[in-house]
Amino acid sequence: MSTTTLDIEALAWAKQDGLLPAIVQDADTLRVLMLGYMDRAALATTLASGQVTFYSRSKQRLWTKGESSGHVLALVSLDVDCDGDTLLVQARPHGPTCHLGRTSCFPGAPGDGLAELDALIAQRECERPPGSYTTRLFEDGIRRIAQKVGEEGVETALAAVAQDDEALLGEAADLLYHLLVLMRARGLGLADIKRTLAIRRG
């Protein structure tokens with residue numbers, strides 16, 4: 001459901017005393033980050049501000065995630081379940097979501113490992129930590145990165161016809177990593193590849 005067409009009053013507020021559970025998911029990795037509750041005002045504030053805001057049952061007031069820590073959740077999209085009584089919020093976290101300093105309040109919550117790698121590569125491009133192989137690739141320039149993608153592509157193809165599964169998996173992992181570095185060097189990322197695949201899928 002588009003956030004611009006969401007009818008707040010049409011939701012099933014009466015079921016749970018004016019509160020709806022809101023499941024927050026990382027928009028890029030799809031990892032479940034936390035569960036909070038929203039009343040009408042929290043939902044309206046979230047939609048208007050673009051920062052995920054809840055109703056705190058302990059504080060008895062609106063609470064914007066990160067208002068004290070700075071670790072806000074930037075709203076990407078919001079969906080409602082078939083009964084109109086639960087919200088699915090997709091957001092991009094700025095820092096750890098959990099108050100214990102973890103990415104998620106659910107330590108074992110599954111996520112998209114490839115998307116997490118893409119995010120790490122993007123971070124390496126911005127920060128350029130010394131001693132990092134990824135930093136060295138970015139500093140060597142796009143031609144060198146493209147060369148590495150070509151080399152890894154050939155090695156993957158050779159492993160497919162002449163080596164065992166473990167060798168093939170290792171080469172495929174190297175290829176994906178270097179491809180993500182190449183995309184980032186061009187200002188693109190995994191999300192752009194996914195959008196292209198979605199368009200082709202129709």
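The C-alpha centres of domain 1 and domain 2 lie 34 Å apart in this predicted model. The domain assignment places domain 1 at residues 13-93 and domain 2 at residues 113-201.

Attention now turns to a pair of helices, helix 4 (residues 142-162) and helix 5 (residues 165-185). Two packed helices are described by the angle between their axes and by the distance between those axes. For helix 4 and helix 5, the angle is about 160° and the axes are 8 Å apart. Helix 4 is therefore roughly antiparallel to helix 5, since angles over 145 degrees fall in that class. The crossing in which helix 4 passes helix 5 is left-handed.

The residues that form this contact can be followed along each helix. Helix 4 contributes Ile 142, Ile 145, Ala 146, Lys 148, Val 149, Glu 152, Gly 153, Glu 155, Thr 156, Ala 159 and Ala 160. From helix 5 come Ala 167, Leu 168, Glu 171, Ala 172, Asp 174, Leu 175, His 178, Leu 179, Val 181, Leu 182 and Ala 185. By residue class, the contact of helix 4 with helix 5 comprises 14 nonpolar, 3 polar and 5 charged residues.

Glu 152 is located in helix 4 and has a relative accessibility of 5%. Glu 152 therefore counts as buried, the limit for that class being under 20%. When residues up to four places away in sequence are not counted, Glu 152 touches Glu 171, Asp 174, Leu 175 and His 178.

Notes: Residues numbered from 1 in each chain as written. Predicted model: local features only at pLDDT ≥ 70, side-chain atom pairs only at ≥ 80, totals over all residues. Heavy atoms only, no water. Axes fitted to C-alpha atoms, helices over the stretch in contact; angles between N-to-C directions. Helix = DSSP H or I, 4+ residues; strand = E, 2+ residues; numbered from the N terminus. Parallel < 35°, antiparallel > 145°, perpendicular 65-115°, else oblique. Left-handed = near helix turned anticlockwise from the far one by under 90°. Contact = heavy atoms within 4.5 Å. Nonpolar A, V, L, I, M, F, W, Y, C, P; charged D, E, K, R; others polar. Buried < 20%, exposed > 50% of the residue type's maximum accessible area, 1.4 Å probe, protein only. Domains from an automatic or database assignment.
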